[in-house]
Amino acid sequence: MADYQPLFIDFSGRAVVIFGGGAVGERKAAYFTGSRVTVISRSFTSGLEEMPGVRLIRRDVKAEDVPGLIEGAFLAVAATGDPELDREIARVAGNKGILINSAGGDSSVILPSKIKKDGITIAISTGGRSPAMARFIREHIEESLGSELADMVRLQEELRQAIKKSVKSQNERERLLWNVMEDPSVWKALN
């Protein structure tokens, strides 16, 4: 059993190569907005064709083409709908030290269901066992996120910077910040 760990990585400007221009490829491309995304497929959804900043390469992909097509990629996504080709993409990427997310398994990376709201990011995963359940959990959590959470993040950021200058002890700074978060009157003022 794989030991997946949650991790946030800055994908700004990193090369992501997605094999497959269907609905799964479209979702994966949207996930990596801000990266240098290339989608390779013989056809594309209208969503992909209209997605800004995504480079589309219209072509059939054969196993022997994969090494050249993923050269320089940080992450490769195999979502071709052809399990054998997806396995080959995963194998080649793994051999080259490129992270791989594969719709058919064989993934070194799982893309969690995520919530991004007002500077807060929450990622939910079932370890690849049930993406639908991860989405279900995400939707339920999303409903409960009020704007006061983003306000508290901004307040904590400002307080953290201010007390770093005057409070030397990390434990004391942490205690002060927790006191603010646990104070009902602060939350009331944020509403």
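**View 1. Glu139 and Arg135, four residues apart in helix H5 (residues 131-144), are separated by about one helical turn.** In this predicted model, where local features need pLDDT of at least 70, side-chain atom pairs count only at pLDDT 80 or more, and totals for chains, interfaces and linings use all residues, the two side chains meet in a salt bridge at 3.0 Å, N to O. A salt bridge is here a side-chain nitrogen of Lys or Arg within 4 Å of a carboxyl oxygen of Asp or Glu, and helices (H or I, at least four residues) and strands (E, at least two) are DSSP runs, numbered from the N terminus. Glu139 is partly exposed at 31% relative accessible area, and Arg135 is partly exposed at 49%, where buried means under 20%, exposed over 50% and partly exposed in between (1.4 Å probe, protein chains only).

**View 2. A network of salt bridges links Arg135, Arg138, Glu139 and Glu142.** Residues are numbered from 1 along each chain as its sequence is written, and side-chain values use heavy atoms, with hydrogens and water left out.

**View 3. Arg91 forms a salt bridge with Glu88 in which the closest N and O atoms are 2.7 Å apart.** Both residues lie in helix H4, three residues apart, about one turn of the helix, and Arg91 counts as partly exposed at 44% relative accessibility.

**View 4. Glu71 and Lys96 form a salt bridge, with 2.8 Å between the closest N and O atoms.** Because Glu71 lies in the loop between helix H3 (66-69) and strand E4 (75-78), while Lys96 belongs to helix H4 (residues 83-96), the pair ties together parts that are 25 residues apart in sequence. Glu71 counts as exposed at 56% relative accessibility, whereas Lys96 counts as partly exposed at 39%.
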